[in-house]
Amino acid sequence: MDTQNPSAPPRAQSRIAGKNHPHQNAHARPGGVIHDNTRHTTRFTVIGNHLAQHPELSGLAIGLAVYIQSLPTGARVDIKTLAARFPEGPTRIAAALRELETHGYLRRTRERTPGGRIVTRTISCNQPGHRGTAADTPSRPARRPDPAERPPRKRLPTVPEPAYPSPTLLRTATDLLAGLRHHDSRLLLSVTDTEHLAPGVAAWLERDLTPTAVQHALTADLPPEDLRRPAALLAHRLAAQLPPPPPFRAPAPLPDVRHPLQNCEGCDRAFRSPCPGHCRDCRSDLLEAA
């Protein structure tokens, strides 16, 4: 651990019997752990047993909480940075951070910088539920809310509509949305979100864009932090970055019709006509004779 916790006592405390002495009471519980401890005086962080022995947190979540509490103020703890530091992938790290947020060890808020950019602020809590106070007992797990008490889900932004929503076009749009998770695991969409976004993607495809171009527009320059509502972000991009319709192209003129050659039934001279008969001169003679 690199940072000394300012809440650590300034003086060395007395030894704890049976914990700091490795051989004292070694036979009290056969097969149990024996502590061979050395007191830290620098480069240490105080971690409560309510975290180290939390009954509901996963090992990865506990490890990330310990690592984050040891970092200095201002250190980056977004998913991308943590995934580069640890062997676990972004998906597992994101799930572990949600565990810590659920149990009060992390608070994440979104703030706007003076430059207008939206950033995520992460607050690490070494005592969940006790801001600025100390407690030796583990915090109670958050009560699971009653479904009837949950607020209604915020509606997604509207998306463009295609002029001609053919089934083939909507099928291509749905397949494109379902494949976004292969490019970024945070873009895993539900069936409801996909059905809402598919017309917007179809409107892009209808404007002479290839599926690859639409996919790049939706996945390029995503924020590095965790996406709380990926479908809302995609809906905003589909509406705000909708390209203009393709330029009007006049239809190409029809080619001149050139009929095959026929042999005149009167003079046996060749002439062009869609069907056999008489040439122009013979038709004139026939009309005069009549």
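## Contacts and the overall fold

Two residues are in contact when heavy atoms of theirs lie within 4.5 Å. The model described here is predicted.

The chain holds nine helices and four strands. Read along the sequence, they follow the pattern α-α-α-α-β-β-α-α-α-α-β-β-α. The chain has 290 residues, and 30% of them count as buried. Consider the contacts between residues at least 6 apart in sequence. Of these, 55% join residues at least 24 apart.

Helix H4 covers residues 90-102, which makes 13 residues. From its first C-alpha to its last, H4 reaches 18 Å. That is close to the 18 Å expected at 1.5 Å a residue.

Which residues of H4 are buried? They are Ile93, Ala94, Ala96, Leu97 and Leu100. Seen down the axis of H4, the buried residues fall within an arc of 160 degrees, so they line one face of the helix. On the other side, Thr91, Arg92 and Thr102 are exposed. After H4 comes Gly104, with a positive phi near 90 degrees.

Strand S1 spans residues 106-112, and strand S2 spans residues 118-124. The two pair in the antiparallel sense, over seven bridges. Leu106 has Ser124 in S2 as its bridge partner. Arg112 stands opposite Ile118 in S2.

Five residues lie between the strands of this hairpin. Gly116 is in the hairpin too, and its phi is positive, near 95 degrees.

## An aromatic pair

How many aromatic pairs does the structure hold? It holds one. The rings belong to Tyr67 and Phe86, with centres 4.9 Å apart and planes at 85 degrees. Planes over 60 degrees apart count as edge-to-face, so this pair is edge-to-face.

The pair links distant parts of the chain. Tyr67 sits in helix H2, while Phe86 sits in the loop between H3 and H4. The two residues are 19 apart. Is Tyr67 buried, exposed or partly exposed? Its relative accessible area is 21%, so Tyr67 is partly exposed. The cut-off for buried is under 20%.

## Helix H8 and its neighbours

Helix H8 runs over residues 230-240. Its buried residues are Pro230, Ala231, Ala232, Leu234, Ala235, Arg237 and Leu238. What do they pack against? Their partners are helix H6 (191-205) and helix H7 (211-219).

## Two aspartates with positive phi

Most residues other than glycine have a negative phi. Asp221 is not a glycine, yet its phi is positive, about 55 degrees. Where does Asp221 lie? It lies in the loop between H7 and H8. With a relative accessible area of 72%, Asp221 is exposed.

Asp268 also has a positive phi, about 65 degrees, although it is not a glycine. This residue lies in the loop between strand S3 (261-263) and strand S4 (270-272). Its relative accessibility is 57%, so Asp268 counts as exposed.

## Cysteines

The structure holds zero disulfides. Cys267 is in no disulfide. Its nearest cysteine sulfur is that of Cys282, 3.7 Å away. A disulfide needs the two sulfur atoms within 2.5 Å.

Cys267 counts as partly exposed, at 38% relative accessibility. Cys125 counts as buried, because its relative accessibility is 11%.

How values were computed:
Residues numbered from 1 in each chain as written. Predicted model: local features only at pLDDT ≥ 70, side-chain atom pairs only at ≥ 80, totals over all residues. Heavy atoms only, no water. Pairing = 2+ DSSP bridges. Expected span 1.5 Å × (residues − 1). Buried < 20%, exposed > 50% of the residue type's maximum accessible area, 1.4 Å probe, protein only. Arc of directions from axis to C-beta. Phe/Tyr/Trp six-rings, centres within 6.5 Å; stacked < 30°, edge-to-face > 60°.
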